[in-house]
Amino acid sequence: MEVLAYFPDYLSGLWITTTASLLSFAAALVLGVITAVFRRSGIWPLKVIGAVYVEVIRNTPSLVQIFLIFFGLPSIGIHLPAFEAGVIALAINGGAYLAEIIRAGLTKVPSGQFEAARTLGLGRTDTFFHVVFPQAARYVYPPVINEFIQIILATSLLSTVALNELTGTALVVNSLTFQTLVAFAVALVLYLILTNVVSFAAAWLGRRMFHPPLQLRQERQHGKTLLKRLTIMAGGR
Amino acid sequence: MIVDVKDVRKSFGDVEVLKGIDLSVEKGEVIVIIGASGSGKSTLLRTINNLETIDSGEIWVDGTAVHDPKAAHNVHRDVGMVFQQFNLFPHLTALKNVTLALRRVKRMSKDEAEKVAMEALAKVGLAEKAGNYPQQLSGGQQQRVAIARALAMAPKIMLFDEATSALDPELVGEVTKVMRDLAQEGMTMLVVTHEMGFARDTADRVLFVDSGVIVEQGAPEQIFTAPSNPRTQQFLHRVLEA
Ligand SMILES: Nc1ncnc2c1ncn2[C@@H]1O[C@H](COP(=O)(O)OP(=O)(O)OP(=O)(O)O)[C@@H](O)[C@H]1O
Ligand SMILES: [Mg+2]
């Protein structure tokens, strides 16, 4: 098949998708934690900044946010390559969603934990990093991983700023071969593999990182259905 | 005098919960506070270690003016507290629960903190459970770890707020035993409890609190056998009959 001749291009597209996703997610996580802490702080300017950021991002299309950074910033003299612009846009976007997830997680830590920490003389910083954050991390782990998957899927939007990530590659292959169905099906399967690898890795990590081990049951079921799908595709039952 | 509470008042919204509390505690004294639900027992304990601020009055703990917002944070050096719900840190082992404040607050080295923590855990009979997480321990064991965590900080005063109320009946004894041992060693203790047996045999003084007022106080034998206030009589009648 003609499309398969472009398999190396798909792989380099997958690589760009993977690195863009990882970088965006890492930056979004930092932004999310900072914003969540801002919104819980007693300092009102920080609260307002956090709230405005979250509201603006969550109530506007991701695509417009990407366009603003890639096409809009050059007009004020900031020229960013597509990859950098895309990562920044997705980080800012993901950060707003993660901020809300993390904020909810911090709220779930019982007040008795704060009281115990205070009674022992632990300061605010120690209480946050040694008592509150590790517990909140456990609560938010599943939705945070889910947001990571969303970021992976959102990288396909970066094809609109001419980044040859996975979707961009499929678009190019389609225009060269006109085998539309196969060209996009290959991209689809590669996305599926990537997201499932992430799910499995996250479930594995969750079982080791937390006490007691955190089970991501939904992810496992998700993984099973993929396995079934692959068997079917391979001609099995 | 190690604790001195002078005419303390405290309201939550419109409801006055402490209505002029006066209380002096001598070093080594074991005080048991009894009273109906909602009478203000927890609030009284919590004002002493600054978990609740007060509206008026004074609270002195070993020279620290707890009523003074600038000085209040120092109270945590002298006062340990044990809660009804244990409030152990669930993500840390028993040992780490104890070492955390030793390291972060007392700035001990890892070895030093672990040595002190193991001594505290041994004292409550749980040295061999040091590596367990709270959810791998029974309620009684969790509460003993919580006591060890407080004791490791070498407090001068220990507050117990219904430390056994969340426990299955068969686990109460192991916790009250630790508390009795502590009293024996001369720890100054303020204990809110429904365990009248503990109050009888361990308390130096029993306080009966009703609607935010200390209505009656005295030696356990006096309070339990010859209470002078009708409300104390009523309360004890209800509790001891049950
Ligand atoms: N944070 C709070 N906000 C508002 N009201 C409170 C608060 N804490 C306690 N109260 C109220 O103050 C009163 C005294 O409460 P407190 O917890 O001191 O009683 P208690 O004697 O310890 O009761 P119990 O035996 O049920 O523990 C109750 O009416 C309670 O509802
Ligand atoms: Mg209470």
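Student: Phe133(A): what does its relative accessibility make it, buried or exposed or partly exposed?

Tutor: Phe133(A) has 29% relative accessibility, so it counts as partly exposed. The cut-offs are under 20% relative accessible area for buried, over 50% for exposed, and partly exposed in between, with a 1.4 Å probe and protein chains only.

Student: Before I go on, what kind of model is this, and how is the numbering done?

Tutor: It is a predicted model, in which local features need pLDDT of at least 70 and side-chain atom pairs count only at pLDDT 80 or more, while totals for chains, interfaces and linings use all residues. Residues are numbered from 1 along each chain as its sequence is written, chains are lettered from A and ligands numbered from 1 in the order in which they are written, and side-chain values use heavy atoms, with hydrogens and water left out.

Student: Are Phe208(B) and Phe235(B) buried or exposed?

Tutor: Phe208(B) is buried at 2% relative accessibility, and Phe235(B) is buried at 5%.

Student: Which charge sits over the ring of Phe89(B)?

Tutor: The charged end of Arg149(B) does, 4.5 Å from the ring centre. Arg200(B) lies over the face of Phe224(B), at 4.8 Å from the ring centre. The rule asks for NZ of Lys or CZ of Arg within 6 Å of the ring centre and within 35 degrees of the ring normal.

Student: Switching to the interface. How many residues of chain A are in contact with chain B?

Tutor: 17 residues of chain A are in contact with 23 residues of chain B, where contact means heavy atoms within 4.5 Å. The two chains bury about 1800 Å² between them, 59% of it on carbon and sulfur atoms. Buried area here is the accessible area (1.4 Å probe) that two parts lose on being put together, summed over both. In chain A, Arg118(A), Thr119(A) and Leu120(A) lose the most area to chain B, together 35% of what that side buries.

Student: How many salt bridges are there between chain A and chain B?

Tutor: There are 2 between chain A and chain B, and the count over all chains is 18. A salt bridge is a side-chain nitrogen of Lys or Arg within 4 Å of a carboxyl oxygen of Asp or Glu. Asp126(A) forms one with Arg104(B), the closest N and O atoms being 3.0 Å apart.

Student: Where does Asp126(A) sit, and what does it touch?

Tutor: Asp126(A) is in helix H6 of chain A and is buried, with a relative accessible area of 13%. Not counting residues up to four places away in sequence, Asp126(A) touches Val131(A), Arg104(B) and Arg107(B).

Student: Now the backbone. Where is the cis peptide bond?

Tutor: The cis bond joins His211(A) and Pro212(A), with omega about -5°. Pro212(A) is in the loop between helix H8 (180-209) and helix H9 (217-233) of chain A.

Student: What is phi for Phe86(B)?

Tutor: Phe86(B) has a positive phi of about 65° although it is not a glycine. Most residues other than glycine have a negative phi. Phe86(B) lies in the loop between strand S6 (79-82) and helix H3 (94-104) of chain B, and is buried at a relative accessible area of 10%.

Key
Helix = DSSP H or I, 4+ residues; strand = E, 2+ residues; numbered from the N terminus.
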